[in-house]
Amino acid sequence: MDVKFVDLYDAYFDDIYRYVYVKTSNKWETEDLVSEVFRKAFENFSLLEGHQNDKAWLFTIARNTVIDYYRKNKSVLVGDNFEQYLSPLPFEDPFDGKTEKECLQRSLKHLSDGDLEITELRYFADLKFKEMAIILKKEEGSLRVKSNRITKKLGVLVKKCLGG
Amino acid sequence: MENEKIEKTLYELRNEIEVDTDLKKQLRKTFVKKSRARKWKNAWIPLLVAASLFLAFLLSNEQMPHVKASSLKITNAISFLDIGSGEITAYTYQDGRLYISLEGKGIFVYENELKQILDDTADSFSRSSKGEKLLFTYNGDVFLFDMKTTKSEKVLDGTPDSNYIYPEWKDQNHIYVTKVTEKEKQIVEVNVQTKEETFIVSGEMASFVEKEQKLIFERHGDIIIYNIKSGKETVVDRGKNPSVTNDGNYISYVKERSGFEDVWISDMDLETKNKVTTNPSLRNELSDEGMYHYQFPIWGNDERTLYVMKKRNDVDNGTANIMKIELSEQSSTEIETVQSYLQALMVRDDDFAKSLLKDPPEFLTYSNPKQIGFQIFETTKNEQSTSVKAEVYWTDTALPYYKVSTYDFTLMKENERYVIETVKELSAIELLSNERNEIEWVKDGKGEVLFSLQDIPQSFIQTDNIRFSSLLRTHDEKNVIFSLQGMDEPSDVTLLSFNCETKAFNLLAKLEGGIMEKVALDATGRYVTTDYSTDAFDSKLVIFDLEKGKRTDFTNVHSVFWKGDKLILEEVAETHSMYYQFDPQTGSKINY
């Protein structure tokens, strides 16, 4: 595969950054982790040869790095931190003037870990189902169906949040 | 909410996460360097470089730690922007962009190119911006400039008796500005809404450090820290043009000692100071003045980059350059030090080159012959020093002369950084045209004739009135790439190659209406650059891909040197010239 590391870097930095940010909700942790992801990728760049999809390869590193980070820092919980990114207002407390966007933010925290992971990879990391299938080691078709169901679920939650 | 809308909103939420472009740029640099290092001949070199870059990486991985000014080492310095005929009246750095005012021409922004954004010019810019708003002064009035819309509006009028200059944001509604009257210069605070003005202190060019509520300014040749609350003043040093970092940790200024100006940085707490330029003496005369005149050292966003304007003192109406000085807690490795030195010679930044030498000679750079590329191929660590061996390629403009010199650089550590103690030429191999119009390869004083003008097939030669011009030998020594300069008008240039094994000639290109200046080869041996000027005096550059037989043409561009497999080129415009790094493999161009 004739791909230079910087090409990979340029192509996917933003996606990696946003994916890590949505996981940590913290700029400094994001910087540390994103740097760590690319350092690992650089060191293992020779292993990319023969890998079927470079973005999936990079995101596998990113996902494992984030998981490792939270494993090492057990006191820091993804859920707790994620709240910083979401609004601190309780979901069950509807108020006037809430936008659909705000409600969608709140709804995300009501998803299970697995569903949230799929949503993050799909929308925040901008991955194709084919790439997600490689990372999550799942069937592409089942991920497609699952993602569709999650979107519907989010629709219901948003409606509820808006007081509908 | 429909599925489609949910998806759209999720993407909107994604786009609201602002990517840290500074991190992106900083981190990328470490990998660009690492990737380049991988191409070197010897496998151990990348390891050494990677080790040092890993330290740099670790550093970029964190928020810039605060270290003492004296611990900051210069890792690179380059004059990347040359304002040829124009006068820079003011400049400032905001969010990755340099805003430059050129006398009589307007305000320009330098990002990937130098682009005019306003017809107005500025006498001074604010050091920082508030949101998208920058301040500038012109003819005593203060203007607000919106960097997004590039529109400006006047916010403060000077009077016949007093002018405003050097504006600085205090907060959304207040600015500090220097009020110049016939009697004195005062720093005043002005409410830009009500125009209410309050006298603060005598002096000029104030930088505001919000967290400590201090002003740093100049008064009668002293740099002063002024505590706004207590009114206490502390002298930093003798100097002019002070500026502070956005985090308020360092002060930069220009200081003159015995006629030699240099750029200095100081800790805000005044614990340490550090000189970051090495102004060489003027040539040709016993002058007590330095070669350069420095002005307005300002900081980039990362507190590790300084931009400074410099002008040569020995040239009437000398051109103004903007030099970027990169600082780091980590000192450069031995190899990086040699690379920086050779780069500084090639772009003729004598001050930076000199700073890397233990005992610098009086003169360093010359117009001709000049270096056009280098490769580092060996390093040996000794007990007290390190030896770095490098091949340096030389040419003489428009002449059939090429030299490969092998140098041994001995480096030692001094003040926690490597300096070049000695430079010894181990060998020199020359390729030249002798008086019999033969191309000769001269090694260890012995010449070997490779071919003569008469050997070249007549089909490649349009006229008898020709001479050999710029040439080179490929790194594997198998081929000579040479040019024939037509002497008739209009002149033309023929670029050919000669295979030393098969003795075959091959036509690479015909450059019509041209005068050959130089040819140069990249480190991999795949790309050759040809600089020539047309009869209309346009500068042309052609990059030949010897592997694929492709060519890329540029106009108003000069090649400067090959840095490995990347070409440093200089783009020449009417008002200015600037350096870029060009990757011939991808065709991408980045600021240098």
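This is a predicted model: local features need pLDDT of at least 70, side-chain atom pairs count only at pLDDT 80 or more; totals for chains, interfaces and linings use all residues.
Author: Side-chain values use heavy atoms, without hydrogens and water, residues are numbered from 1 along each chain as its sequence is written, and chains are lettered from A and ligands numbered from 1 in the order in which they are written.

Reader: In what order do the 4 strands of the open sheet in chain B stand?

Author: Strands of a sheet pair through backbone hydrogen bonds, either parallel or antiparallel. Here a strand is a DSSP run (E, at least two residues), numbered from the N terminus, and two strands pair if DSSP finds at least two bridges between them. The order in chain B is E35-E36-E37-E38, with antiparallel pairing. Strands E35 (514-521) and E38 (550-555) of chain B are at the edges with a single partner strand each, so one side of each lacks a neighbour in the sheet.

Reader: How many bridges join strand E36 to strand E37 of chain B?

Author: There are 7 bridges between E36 (residues 527-534) and E37 (residues 539-545) of chain B; among them, B:Thr529 has B:Ile543 as its bridge partner.

Reader: Which residues touch the most other members of the largest nonpolar core?

Author: In soluble globular proteins, nonpolar side chains tend to be buried together. A nonpolar core joins buried (under 20% relative accessible area, 1.4 Å probe, protein chains only) Ala, Val, Leu, Ile, Met, Phe, Trp, Tyr and Cys residues through side-chain atoms within 4.5 Å. Among the 66 residues of the largest core, these are B:Ile100, B:Phe451, B:Ile456 and B:Phe482.

Notes
Buried means under 20% relative accessible area, exposed over 50%, partly exposed in between (1.4 Å probe, protein chains only).
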